[in-house]
Amino acid sequence: MKLNRLPLSARVNLLAVPLLIMGVAVALLARHSLRHNSADLVRAREVKELAVRSLALLLTQDDASKTMMIDPDNTAAGTRKIQAYDDSRAVFARMSELAASDDLRRLMDRLDSIDKQQLRPLDTELLEAMGAGEREAAKGLYLGKYEPVRTKYEDTLRELVNVAERDATAAAASVDAQNDRSVREICLALAIGTILAIGAVSLCAHHFVCLPVRRMGAEMLAVAEGGTYDRELETSHRAGEFGDSARAFNTVLRAVRENIAALRDANQNLEERVQARTHELERASAKTAAVQRASLDSVFVLDAEWKVIEFNAAAERAFGLGHNTILGGTLSGLFVHPPGSASTGFLQLDDGTPFGQQFEVTAMPTDGIPFPAEVAMTSADSDGPSLYVVSVRDISERKRAEAERDELNARLLTASRHAGMAEVATGVLHNVGNVLNTVNTSASMVARQLKDSEVPTLAKLSQMVGDHAGDIATFLTADERGRMVPSFLSELAQCLAQEQELILAEVQTMATGIEHIRQVIGAQQSLAKGGVVRTPTEPVKLMEAAVSMQADSLARHSVTVVRKFALVAPLPLDKHKVLQILINLLSNAQRAARDGKAEQPTVTLSIDTVLRGEQSYVRFQISDNGVGIAPEQLTKIFSHGFTTKEDGHGFGLHSAANAAREMKGALDAASEGLGKGATFTLQIPTSVEEVVQS
Amino acid sequence: MNIGTILAAAASLLVAGQDASDPVTIGQKNRTFSKPEITVKVGEKIRFENDDAVVHNVFSSSPGHEFNLKTQKPGQKSELSFDKEGTVEVRCAIHPTMKLRITVSGVQK
């Protein structure tokens with residue numbers, strides 16, 4: 001691996017190599033020098049110790065020999081003696097290797113000579129004599145020869161010890177001198193090595209650390225200063241921290257590029273928005289100016305000190321202002337403001353300035369002709385100094401219009417009273433007309449019945465009986481016509497009874513109709529009171545009453561009536577209002593069915609109760625299969641004056657709907673279109689508070 | 001091998017000729033062993049013969065093979081054997097220069 005591919009941490013670690021080499025070299029030098037210095041001392045001290053050891057071994061051998069002289073078979077003594085002999089020979093051989101001084105060598109030569117030539121032979125001879133049991137000879141040998149030789153050997157050995165100690169002392173002195181010299185040499189080597197190591201470290205640091213860092217820093221600086229954020233650092237030949245730094249720098253460059261692009265987009269977007277906003281402001285300003293120019297009201301713009309800074313053309317015209325005549329001034333000269341008048345609060349800016357209010361004042365233009373005006377004030381929202389707008393509208397025309405309006409209102413009030421009376425009259429006439437049709441029909445029926453009555457027949461019979469008053473018996477028994485009189489009277493009585501019943505029924509219908517007419521008139525008279533009189537009434541009876549009143553028309557036009565009545569208990573209803581509505585609806589249904597194209601004109605009547613929310617309603621429905629109602633007319637049919645009938649007045653459904661509302665109910669119409677019939681639904685609450693029991 | 005074992009072995013040599021196998025003989029003459037080194041099997045008998053004109057005191061302090069033949073007068077013989085393998089350094093307590101190395105190996109005969 002090339003050094004420039006190593007990571008920074010490895011390069012820094014490599015800087016320690018010269019220091020390590022220097023340290024090892026100095027350590028080796030110191031070790032060698034110190035060891036060399038102490039070698040003589042160590043050798044001298046070892047010689048001294050060996051000499052002492054040799055003396056001890058001599059004594060051990062002597063002691064063992066003495067023991068063996070007493071006990072030749074003493075195993076321990078024998079063993080100790082032989083071991084001491086062997087050790088003594090090894091010690092002597094070692095001393096021969098180490099002895100450096102001539103004195104030592106001379107003494108050792110003497111000891112070796114004494115041992116080989118005198119002491120060892122005498123020791124052997126002594127022990128052999130003892131082993132052979134020659135104790136006296138051994139004793140004499142020991143005392144006469146052995147002991148003097150051993151003493152001489154011991155003395156020589158002691159002298160050897162002293163010489164060795166002297167040599168050791170001299171060697172120690174020499175070591176101190178050599179150590180001083182070695183220390184100086186080591187310090188010199190350390191200084192030179194340190195200088196060399198620092199130089200090497202500096203060179204390595206410069207080449208392997210500083211240069212790459214500077215090179216990469218220069219590249220980064222060039223990118224930063226040149227703004228060339230697309231020029232990323234090379235990472236392939238950079239390893240470790242340099243590679244990481246280069247990649248991190250490149251990541252930053254990419255983020256910078258992205259941010260710059262985003263910033264450019266944002267800036268572009270901001271510029272577009274500023275342009276758009278500027279355009280909007282210009283448009284708004286132009287629009288405001290146009291509005292001011294086009295405004296028929298006088299508009300004054302005031303600053304925070306309540307001074308006029310702008311006014312429009314309308315103000316110029318209305319107040320006769322010349323351009324710049326009022327700019328920087330106040331509005332006080334343009335209005336009549338009696339002392340203490342609350343309406344002059346707008347002429348100054350304080351807590352009492354009536355922002356957000358409209359009030360009338362008297363304007364005083366420069367031509368001196370005052371006019372009524374309406375003033376509105378507002379403050380304009382602005383980040384800068386406060387702006388206020390005062391709008392002044394000339395209401396002279398409005399005042400005149402209001403005066404005319406008041407006059408017209410008075411006239412309208414009178415006219416409406418007349419119209420109301422006409423409406424009441426129309427209602428009375430319509431409802432009474434409906435009932436009068438029924439009454440008229442019944443009267444016609446009575447008249448027809450009376451015309452076709454058998455009463456004249458009774459008169460003829462009476463005449464005939466009167467003609468035979470003198471022979472009545474003969475006449476009744478003998479005459480053919482007389483015999484038929486009794487049976488004829490019986491049939492006549494029966495016929496007259498039937499006639500009476502029919503006439504009574506029609507008269508009853510007429511009476512009911514007349515009573516209803518009276519109620520209608522009374523109801524119309526009570527319209528001003530708006531009262532509703534409710535009495536417990538069976539809804540079915542009301543429906544049947546309406547049918548009976550239309551029975552002649554229904555029968556005359558062959559309209560079939562279908563009844564679908566649910567069982568409904570008596571309810572508190574205004575029966576005359578309900579009856580009026582039902583007669584109206586049934587009359588319309590009969591006409592619609594009659595005029596329709598259905599093969600069998602049919603009117604279907606139904607009664608039930610429904611629940612809407614918590615309120616229960618009785619529901620009357622009258623459906624027909626007649627001409628139907630166009631969708632666009634469904635919303636108009638309850639309007640006053642609207643009618644599709646050639647002889648209609650447009651009042652029936654209108655008054656019926658009003659009557660339903662008076663009873664807190666509702667009247668609705670439904671139709672799928674022309675030719676598809678229609679259904680009218682009347683719904684009235686089943687429970688109300690104002691119930692009058694009758 | 002303790003001293004008792006060796007003494008028993010040595011005593012058995014007093015009735016030499018009864019054993020069918022011939023022991024290895026080490027002579028001592030002119031203050032020297034006849035061989036500096038021998039090899040025997042475990043249990044093989046070794047005979048020490050003092051052929052010298054002076055006494056000897058043969059012994060060994062090798063660990064596990066200690067023995068001491070004590071004072072051997074001229075012409076005196078002693079026998080012993082070792083019951084385990086090892087190296088035995090044999091010396092004479094009177095003559096330090098006398099050395100014999102016995103190597104005990106193999107199984108007992």
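The largest nonpolar core has 38 residues, and those touching the most other members are V578(A), L582(A), F620(A), I622(A) and L682(A). By nonpolar core I mean a set of buried Ala, Val, Leu, Ile, Met, Phe, Trp, Tyr and Cys residues joined through side-chain atoms within 4.5 Å; buried is under 20% relative accessible area, with a 1.4 Å probe and protein chains only. This is a predicted model: local features need pLDDT of at least 70, side-chain atom pairs count only at pLDDT 80 or more, and totals for chains, interfaces and linings use all residues. Side-chain values use heavy atoms, without hydrogens and water, and residues are numbered from 1 along each chain.

Two or more residues of this core come from each of α13 (539–549), β9 (571–573), α15 (575–595), β10 (602–612), β11 (615–624), α17 (652–662) and β13 (678–685) of chain A. Helices (H or I, at least four residues) and strands (E, at least two) are DSSP runs, numbered from the N terminus. Helix α15(A) gives the largest share, nine residues.

I turn to chain B. Here five strands form an open sheet of mixed pairing, ordered β2-β8-β7-β4-β5; two strands pair if DSSP finds at least two bridges between them. Because β2 (37–41) and β5 (67–72) of chain B stand at the edges with a single partner strand each, one side of each lacks a neighbour in the sheet.

Within the sheet, β4 (residues 56–60) and β7 (residues 86–92) of chain B run antiparallel, joined by three bridges. Opposite S60(B) stands V90(B), in β7(B).

Key:
Chains are lettered from A and ligands numbered from 1 in the order in which they are written. Buried means under 20% relative accessible area, exposed over 50%, partly exposed in between (1.4 Å probe, protein chains only).
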